[in-house]
Amino acid sequence: MIGTQTKGTIMVLLSAVFFGLLPFFAIKTYAEGFDVSNLLLYRFSFAFVLIGLFCIYKKISIRINKKQFFLLLILAFVGTMMTTYTLFLSYQYISSGLASTLHFVYPIITIVFAGIVYKEKFTLKKLTALFLSIIGIALLSLGGGAAINATGVLWALVSGLFYAIYILCMANPELRKISPYSVAFWIFGISAILFFGKCFFTNNINTNPGILSIFYIVNLSFWSTFLSVVLFYMGMKHTGPGNASLLSTLEPLTGVMVGVFVFNDVMDLKSSLAILLILTSVFMVMQNNKKPNYRMLFIKLTPRRLRRA
């Protein structure tokens, strides 16, 4: 019989793999004529319906107060709309593996923000991780070997920046009073409305999607949005937030594997070394399970994830 710890580990690993498949579904949908905004509009609309049905089935309350709604509105704009929009843009310029890895520097950005804004102490481990990530990003950005598009690198890093801000804001005590599934419900719904507004005001709503594009978007919404969130939170109950976040480092590795084996991305020695350095830095940060002592609203790096995408 599988123990609870093992069951939780399997759930979190599956969540990481499913989210790592996000670039595959996104790039396939682009090939069917979808732009970033319409893809995300459909994605969050389907995910909103799925998480709503899940909350009804589990009898999870979705009631929130005005203050919580205002906070979720900000989170949806910064942590979901801007994070996913910039990340999905990066897929159009660089390989899915590189984009996923660069986006995953958000834990490093988070500890930098915590040190500068909230006076968190920079330990030797944190400084070493920061140094390794900078070297890895520099290797990816400075050329040599296979050419790498600087615009794609920039968009992927910006997505990590937005998600770091999102992580810090998610630690607001007001939001910790409500179920993470309820948070997902509201963020998915608000994000869908935001992308609808963007498409509507630019007169760019795709009202005639093909069968194949709908197939990819539904899979993106189910596997890499709804199910990845649900599995992560269910698994985290058994593994704890620190271990769950550590296991999530499988996400960018999945993105790299998808790029190599599905899209025939070429990984030269320089790119492989850069990815290894970045993932090592993230691993070092996530091994530190101590709670940062934020005196105000923001209290820790993990748990993570209401999927940027």
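This is a predicted model: local features need pLDDT of at least 70, side-chain atom pairs count only at pLDDT 80 or more; totals for chains, interfaces and linings use all residues.
Local features need pLDDT of at least 70 and side-chain atom pairs count only at pLDDT 80 or more, while totals for chains, interfaces and linings use all residues. Residues are numbered from 1 along each chain as its sequence is written, and side-chain values use heavy atoms, with hydrogens and water left out.

**Helix H2**

Select residues 22-30, which form helix H2. Helices (H or I, at least four residues) are DSSP runs, numbered from the N terminus. Leu22, Pro23, Phe25, Ala26, Thr29 and Tyr30 are buried here; buried means under 20% relative accessible area with a 1.4 Å probe, protein chains only. Now look down the axis of H2: the buried residues fall within an arc of 165 degrees, so they line one face of the helix. That arc is taken from the directions from the helix axis to the C-beta atoms.

Next, display what covers these residues: the cover includes helices H1 (4-20), H3 (36-58), H4 (66-90), H5 (96-103) and H10 (211-239). Contact here means heavy atoms within 4.5 Å.

**Ring pairs**

Show the side chains of Phe, Tyr and Trp. The whole structure has 24 aromatic pairs. Rings (for Trp, the six-membered one) pair if their centres lie within 6.5 Å; planes under 30 degrees apart count as stacked, over 60 as edge-to-face and the rest as tilted.

Pick Phe44 and Phe188, a tilted pair at 6.0 Å centre to centre with 40 degrees between the planes. Phe44 is in helix H3 and Phe188 in helix H9 (residues 180-201), so the pair ties together parts 144 residues apart in sequence. Phe44 is buried, at 0% relative accessibility, and Phe188 is buried at 0% as well.

Move to Tyr106 and Tyr163, an edge-to-face pair with 4.9 Å between centres and 85 degrees between planes. Tyr106 belongs to helix H6 (residues 106-117) and Tyr163 to helix H8 (residues 150-170), so this pair ties together parts 57 residues apart in sequence. Both tyrosines are buried.

Then select Phe18, Phe54, Tyr181, Phe222, Trp223, Phe226, Phe232 and Tyr233, a cluster linked by ring pairs.

**Cysteines**

Finish with Cys55, buried at 3% relative accessible area, and Cys199, buried at 1%. The structure holds 0 disulfides, a disulfide being a pair of cysteine sulfur atoms within 2.5 Å.

Notes:
Buried means under 20% relative accessible area, exposed over 50%, partly exposed in between (1.4 Å probe, protein chains only). Helices (H or I, at least four residues) and strands (E, at least two) are DSSP runs, numbered from the N terminus.
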